[in-house]
Amino acid sequence: MSIDTLPPLRQVIETHALAAKKALGQNFLLDLNLTAKIARLSGRNEDHDVLEIGPGPGGLTRGLLAEGARHVLAIEKDARCLPALAEIEAAYPGRLTVMQGDALDIDPLAHLTPPIRVAANLPYNVGTELLVRWLTPKDWPPFWDSLTLMFQREVAQRITARPGSKAYGRLAILAQWRTEARIVLNLPPEAFSPPPKVSSAVVHLAALPEPRFPADAKMLQHVTATAFNQRRKMLRSSLKGLAPDIEDHLRAADIKPTDRAEQIDVERFCALARSLSA
């Protein structure tokens with residue numbers, strides 16, 4: 001079953017010679033019914049603009065447009081993909097804007113009208129950095145209502161992990177501080193071309209009206225990055241470079257100096273960030 005009148009993605013890839021490039025972190029999702037499902041998981045977008053990063057040949061782009069997104073801004077670094085995306089632009093006049101460039105360097109707000117959602121099969125090599133940026137703006141709520149993002153399943157598990165688990169770390173704290181984060185779809189390697197060596201998963205992160213606990217985003221990011229850089233060490237040892245009186249700050253946050261980072265929940269990490277910011 002086709003979701004639109006455009007050719008199947010395999011044909012698009014052959015026509016435009018779009019072999020996935022490992023250097024760009026590309027793995028193309030070819031099942032248009034699956035891309036339409038991911039689009040639906042992002043929500044009803046008739047009244048939303050949608051930001052997509054790394055559209056490649058446009059599978060998710062077509063899913064978003066076919067499912068009714070008001071407007072899609074697709075940012076693509078690989079110039080080879082632009083002719084295929086131009087064909088989608090022509091099939092959905094006025095509803096798709098394609099920009100070539102690095103998503104880390106482009107301000108999407110110059111090209112989108114709120115309310116805004118983000119939906120993307122993120123390139124593996126920039127996915128985590130983009131997520132951290134979206135989760136740690138100085139002001140909250142952010143420019144987006146929700147993020148629906150595909151990652152390697154290991155990364156998805158790190159985003160949704162709970163204290164005490166092996167996957168728990170900086171991403172879990174930053175995500176769960178300000179959003180409701182959950183895995184909404186698991187995908188096997190064979191769903192992609194070329195098949196990656198690992199499974200993938202789609203994570204949906206809905207922005208909370210306010211963070212769960214007060215904290216400075218920059219300080220919380222710094223504290224968690226430092227704490228989990230040496231996760232087997234006691235926090236006293238991991239964080240001693242942040243302040244000469246680190247044990248006082250730990251006690252103020254109800255954290256034992258002998259605790260390890262993976263034992264500390266979001267609330268206490270926020271309390272530690274507040275203490276260090278004071």
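The N-terminal end of helix α2 is capped by aspartate 31, with a side-chain oxygen 2.9 Å from the backbone nitrogen of asparagine 33; such a polar contact is a pair of N or O atoms within 3.5 Å, one able to donate a hydrogen and the other to accept it, and residues adjacent in sequence count only if both atoms are side-chain atoms. The model is predicted, so local features need pLDDT of at least 70 and side-chain atom pairs pLDDT 80 or more, while totals for chains, interfaces and linings use all residues. Residues are numbered from 1 along each chain as its sequence is written, and side-chain values use heavy atoms, without hydrogens and water.

Helix α2 spans residues 32-41, and its buried residues (under 20% relative accessible area, 1.4 Å probe, protein chains only) are Leu32, Leu34, Thr35, Ala36, Ile38 and Ala39. Among the elements covering them are α1 (9-15), β1, α3 and β6 (146-152). After α2 comes glycine 43, with a positive phi near 115°.

Two pockets are described below. A pocket is an open set of points on a 1 Å grid with protein on both sides within 12 Å along at least five of seven lines, and lining residues have an atom within 4 Å of a point.

| Pocket | Volume | Lining by class |
|---|---|---|
| Largest | About 420 Å³ | 16 nonpolar, 9 polar, 5 charged |

Ile53, Gly54, Glu76, Asn121 and Pro123 lie nearest the centre of the largest pocket, among 30 lining residues. The second largest pocket is lined by 13 residues, with Lys22, Gln26, Asn27, Pro196 and Lys197 closest to its centre.

Conventions: 1 Å grid on protein atoms, 1.4 Å probe; cavity = no way out; pocket = protein on both sides within 12 Å on 5 of 7 lines; lining within 4 Å. Points joined across faces, edges and corners; volume = space filled by probe spheres on them. Nonpolar A, V, L, I, M, F, W, Y, C, P; charged D, E, K, R; others polar. Buried < 20%, exposed > 50% of the residue type's maximum accessible area, 1.4 Å probe, protein only. Helix = DSSP H or I, 4+ residues; strand = E, 2+ residues; numbered from the N terminus. Contact = heavy atoms within 4.5 Å.
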